[in-house]
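User: Please take a close look at the pairing of charged side chains in this model. Where are the partners, and how accessible are they?

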Amino acid sequence: MFVLKNKKTSSDHLLNSEAFERWSVTTTVSLPQIGEEDYISQKSLSSRLPRTSLGSIHRLETMQCRIALLDGSDYTCTVEKKAKGQVLFDKVCDHLNLLEKDYFGLTYRDAENQKNWMDPAKELKKQIRAGPWNFGFNVKFYPPDPAQLCEDITRYNLCLQLRDDVVSGRLPCSFATHSLLGSLVAQSELGDHDPELCADYVGDLRLAPNQTRELEEKVTDLHRMTPAEAEMLFLENAKKLSMYGVDLHHAKDSEGVEIMLGVCASGLLIYRDRLRINRFAWPKILKISYKRNNFYIKIRPGELEQFESTIGFKLPNHKAAKRLWKVCVEHHTFFRLVSPEAPPKKFLSLGSKFRYSGRTQAQTRRASSQINRPAPQVQRLASKRHTTSRSLSVDIGGHFSRVCCLITVKGGISETRIEKRIVITGDANIDHDQALAQAIKEAKEQHPDMSVTKVVVHKETEITPEEGGQ
């Protein structure tokens, strides 16, 4: 025990303590008479050593993650709590069979319910402090020219994101554009137009924030072509919209007026009352920064100007200012640079060390051109739809039948219940059983993958005015 009482340096002391602990642990069995003070000393020394040095197995903590996909379904997986965001993102992309994944990202909600982009280079546990590990899979960088995407499955996921943008109102459109895009959605989900379907089959699809009967009729008229062609044309029309790929942030200008700052592939946009009042392209911006809840951009001088100018905006809080700054850094790096900048290596460096760590658009396009695999099959799931009903009336000689389709959504997959309603008109000589059998036969022909589980017959008698008077 004299080793612990010698006055030596702290490093020597730690080394001697470690050697003493190893000896005491291995010889504890042969020395049953150990004093209380010796036991306390050994216990305190053992607490300083890692558990692995004592032969125990270190258990890795894992967390279950739920990711909401763009088709409305959920994907659940388990990752280590200390894993970086890139591990989870790669798992999601592997599940979706996506190779052109640099355009996408994962989002999560913070304690203030604000949407944040997950940082792939940062540990997950440092990004989600509390609550369940729920994420959303979304398009992060909207490609200016979707036709340059290599695979249909990438375009399909971009279509799903844009359809959600349209329905939620983030991507406003005119009536004519709504009609065109809606017809392409109907083509992608329902296939080729079937003239025997009822005219209101489009009513089940979510096409616009305030969907009208007039819009649905216009969509029906434009419904043609194959799903892949429809999605390509959908993207070609969506990219022309003024709000395509714009990430909006609430702010105030120097006079305290409420504005919106939009970040996109081309630069920074300023909106007031939903109208764009200014635009700063990336080549014109020299520097972006934030301090507390203020966000600043330094503008390159124009042809008739001699000095640089700085424009400031006030964000709701410090986190909002930093969030906007990070989005600007990522968009500028992805769309403007050939390769991402390396983070500063200095130990005592001023400012944030955050840098975009993924591939740029130039690198992504080069990688896409080298994809060499058979085109993956795109499984197009039914999108979220209105819980509504539609009907089809068919004349069957002396009576008519009505098919009513009730569509609900569970977990992103639509469940359809077909109700075949028979309305028989005429005298008492009509064969009701034959009419009912004919209606069931039609329902099976129109929906071969479904089966009739229940038949309910209601008899109604219409009283004529003459009979009512008697």
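Analyst: **Salt bridges**

Lys140 is buried at 9% relative accessibility (buried is under 20% relative accessible area, exposed over 50%, partly exposed in between, with a 1.4 Å probe and protein chains only). The model is predicted, so local features need pLDDT of at least 70 and side-chain atom pairs pLDDT 80 or more, while totals for chains, interfaces and linings use all residues. Residues are numbered from 1 along each chain as its sequence is written, and side-chain values use heavy atoms, without hydrogens and water.

The side chain of Lys140 forms a salt bridge with that of Glu330, 3.0 Å from N to O (a Lys or Arg side-chain nitrogen within 4 Å of an Asp or Glu carboxyl oxygen). This pair links distant parts of the chain, 190 residues apart: Lys140 is in the loop between strand E5 (133-139) and H4, and Glu330 is in helix H8 (DSSP runs of H or I, at least four residues, for helices and of E, at least two, for strands, numbered from the N terminus). Glu330 is buried too, at 7%.

Helix H4 holds another pair, Asp152 and Arg155, 3 residues or about one turn apart. Their closest N and O atoms are 2.5 Å apart. Asp152 is partly exposed at 36%, whereas Arg155 is buried at 11%. Elsewhere, salt bridges with shared partners join Asp145, Glu236 and Lys239 into one network.

Lys101 and Asp90 also pair, at 3.0 Å from N to O. Lys101 lies in the loop between helix H3 (85-96) and strand E3 (104-109) and Asp90 in helix H3, so this bridge ties together parts 11 residues apart in sequence. Lys101 is partly exposed at 21%, as is Asp90 at 23%. The whole structure has 14 salt bridges.
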